[in-house]
Amino acid sequence: MCGIVGYVGSRDAVPVLLDALSGLEYRGYDSAGVAVLNGRGVETRKLAGRVAALRDLVRRAPLHGSCGIGHTRWATHGAPSERNAHPHADCTGALALVHNGIIENADLVRARLERAGHRFVTETDTETLAHLIEDAPGATLEARVIAALARVEGTYGLAVIAEADPGKIVAARRGSPLLIGVGQGEYLVASDANAVLPHTRSVVYLDDGDIAVVTQQGYRVFDSDARLQQRAVDDVAWDLETLALGHYPHFMLKEICEQPQSVQSTLRGRLLPAQGTARLDGLNLSPARCARVQRLVIVACGTSWHAGIVGRHVIEELAGIPVSVEYASEYRYRKPLRLPGTLTVAISQSGETADTLEALRAAKAAGSTVIGIVNVVGSTIAREADGGIYLHAGPEIGVASTKAFTSQLAALLLFALFLGRARGLPLREGRRLAEQLGELPDLVARTLELEPEVRVLAERYADAPNALYLGRGINFPVALEGALKLKEISYIHAEGYPAAEMKHGPIALIDENMPVVCVAPKDEVYPKVISNMQEVKARGGRIIAVTSEGNGDLRHVAEHQLRVPACLPLLSPILTVIPLQLLAYHIAVRRGCDVDRPRNLAKSVTVE
Ligand code: F6R
């Protein structure tokens, strides 16, 4: 949510900032802006719209400077407009800042500042920070920022420049991600490593409470009491090419098609087929410790929450541990019970989702060990968890999560196998699962061959006003995920439902205009799902069945059949979700939607 960037060095900051903003645009894309320090003071260009529009503006009204900041916004306080776009200034215009997060006491602070004579020009919470810094005591910009931040509640990733302190960016972090990119005689500040990767692989991840002072000569990190801190320099492993579209029209399609490789990367080096288990050193869990786990709580949001429900099935079946799956946003405000033997698992692609992070902290405070299943290396959840499994799926840029989901499922299967074998799962079963996990990348590649068939279906159903997705058991979260994909990128209302639950209400919706996608691979509930499909058919519903090769012909109930390769039922969600991703994608394209930047959404939800 909102991308921020800063640059200080010997080059013109503006092209660097604009390129970085393009890389951060998935975090928010309703407005954008840049500000630089130059001989004329602080110069700003901003507008409501995309980074491409900002580039045009800068072309028409150029600005230059070797120290600057930029922002791409996902509106929280105040509509997307030029006025509300960042950077924001103080009363004098001699200071500019960009912010990601929410200042929770903004109304109170603003009222006080207005009484003291400050003139506010925006509806944003962020502007209060600019005026607070304007008034704050201190000989340096960092001293004033530290003093101002002591008066705010809420979250921030912040970058500030000021005429009085030229050639300097002061950055601060609390609750919103921020890092420093360490280049050769130049430094960047950014919400995300993507933004600095074209310039450097060396990054310093800031901790909550850190204040950084960045100049062309170097950087220093302080805590909120202005005490100097040491922070390690990390290496970003991702390649620049992985951030490019290549020959694909959209990142979402690219990421769907990358799944044979991304699932392979999640599994790489972790399967031990002969021992029938997985090697997961990062978990920091000994087999003895696994044997003592009494319950598992999974916390996550959105697609990651759907992965959690699949995880519940596989962990309960393979490891015999009771699992509850919680919406992180709800869990964080409950009082977690202090139950010995609880292991909490936070699942997050970005590793920065505010609710998941707070749920992790609540679980820790209640005495639980916390495991992170995370894609982004060095992200806050990864760093705060006691151990974890990185997905290694590569950067996911499309706002709708696809390859991260299948990698989350692969990681959960590895985790369940590891726990299961430590708790008495027979070697034979462990081996069978490990062997089939090894075949997954090929099975995923074969599933992608369904794309031409799915495209034809998308043509047919692109104008549907509603859609229903049904599944039972482990296929129910796949139905939920299929419905979420469709609604978020095509704006068609879609619901996922447990197939048998449908007759307790939603069946009233079914008529000849209602496409019903039934997730029905070969498993023990298959005959039951066929009965549910009959119920839909009897009411005129149009069924698209996602089933397995080798399952009988479903022509008598389904209007369309999509067949994924046959596999062990516990693995099937990794395959059955793929036609659903493709269906959502092609329907959205057909409807002319902005697939990679769906309206109102942003990737990495760093506000609660
Ligand atoms: C949907 C989607 C979201 C995310 C959710 C959690 O396609 O991407 O529902 O899954 O915002 O994000 P992470 O996994 O980064 O915590």
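Analyst: The following dialogue takes up helix pairs, then cavities and a pocket, and then some individual residues. Please keep in mind that this is a predicted model.

User: Let us begin with helix pairs. At what angle do α1 and α2 pack, and how far apart are their axes?

Analyst: A helix pair is described by an angle and a distance between axes. Helix α1 (residues 13-24) and helix α2 (residues 51-60) pack at about 165 degrees, and their axes are 9 Å apart. Angles over 145 degrees count as roughly antiparallel, and α1 and α2 are therefore roughly antiparallel to each other. The crossing of α1 past α2 is left-handed.

User: Which residues of α1 and α2 make the contact?

Analyst: On the α1 side they are Val-14, Leu-18, Asp-19, Leu-21 and Ser-22, and on the α2 side Val-51, Leu-54, Arg-55 and Val-58. By class, this contact of α1 with α2 divides into six nonpolar residues, one polar and two charged.

User: How do α9 and α16 cross, and which residues of the two helices meet?

Analyst: The axes of α9 and helix α16 (residues 476-490) come within 9 Å of each other and cross at roughly 165 degrees. That angle makes α9 roughly antiparallel to α16. α9 passes α16 in a left-handed crossing. From α9, the residues Gly-302, Thr-303, Trp-305, His-306, Ile-309 and Val-310 meet Pro-477, Leu-480, Glu-481, Leu-484 and Lys-485 of α16. The contact of α9 with α16 has six nonpolar, three polar and two charged residues.

User: Are α14 and α18 roughly parallel or roughly antiparallel, and why?

Analyst: The angle between the axes is again the guide. The axes of α14 and α18 cross at roughly 30 degrees and come within 9 Å. Angles under 35 degrees count as roughly parallel, and the crossing angle thus makes α14 roughly parallel to α18. The crossing of α14 past α18 is right-handed. Leu-440, Leu-443, Val-444, Thr-447 and Leu-448 of α14 make the contact with Ile-574, Leu-575, Ile-578, Pro-579 and Leu-582 of α18. The residues of this contact of α14 with α18 are nine nonpolar, one polar and no charged.

User: What lines the second largest cavity?

Analyst: The second largest cavity contains about 50 Å³ of space. Its lining is made of Tyr-461, Ala-464, Ala-467, Tyr-469, Leu-486, Pro-515, Val-517, Ile-544, Leu-583 and Ile-587. The elements that contribute two or more residues are β23 (466-471), β25 (515-520) and α18 (572-590). By class, the lining has ten nonpolar, no polar and no charged residues.

User: What volume does the second largest pocket have, and which residues are closest to its centre?

Analyst: The volume of the second largest pocket is about 420 Å³. Of the 16 residues in its lining, Glu-317, Glu-524, Leu-568, Pro-569 and Leu-570 are the closest to the centre. Two or more lining residues come from each of α9 (302-319) and α14 (427-448). The lining of this pocket divides into eight nonpolar, two polar and six charged residues.

User: Where in the backbone is there a cis peptide bond?

Analyst: Omega is the angle to consult here. A cis peptide bond joins His-86 and Pro-87, with omega at about 0 degrees. Pro-87 is in the loop between β4 (67-73) and β5 (88-89).

User: What is the phi value of Ala-226, and where does Ala-226 lie?

Analyst: Phi of Ala-226 is near 65 degrees, a positive value in a residue other than glycine. Ala-226 lies in the loop between β13 (218-222) and β14 (228-229).

User: Which residues does Asn-38 touch, beyond those up to four places away in sequence?

Analyst: Asn-38, in strand β2 (residues 31-38), touches Glu-43, His-64 and Gly-65 when residues up to four places away in sequence are not counted. Separation in sequence and in space may also be set side by side. Asn-38 and Ala-89 are 51 residues apart in sequence, and their C-alpha atoms are 16 Å apart in space.

How values were computed
Residues are numbered from 1 along each chain as its sequence is written. This is a predicted model: local features need pLDDT of at least 70, side-chain atom pairs count only at pLDDT 80 or more; totals for chains, interfaces and linings use all residues. Side-chain values use heavy atoms; hydrogens and water are left out. On a 1 Å grid over the protein atoms alone, a cavity is a set of points where a 1.4 Å probe fits but cannot get out, and a pocket is an open set with protein on both sides within 12 Å along at least five of seven lines; lining residues have an atom within 4 Å of a point. Grid points are joined across faces, edges and corners, and a volume is the space filled by probe spheres set on the points. Helices (H or I, at least four residues) and strands (E, at least two) are DSSP runs, numbered from the N terminus. Ala, Val, Leu, Ile, Met, Phe, Trp, Tyr, Cys and Pro count as nonpolar, Asp, Glu, Lys and Arg as charged, and the others, Gly among them, as polar. Axes are lines fitted to C-alpha atoms, for helices over the stretch in contact, and angles run from 0 to 180 degrees between N-to-C directions. Angles under 35 degrees count as roughly parallel, over 145 as roughly antiparallel, 65 to 115 as roughly perpendicular and the rest as oblique. A crossing is left-handed if the near helix is turned anticlockwise from the far one by less than a right angle, and right-handed if clockwise. Contact means heavy atoms within 4.5 Å.
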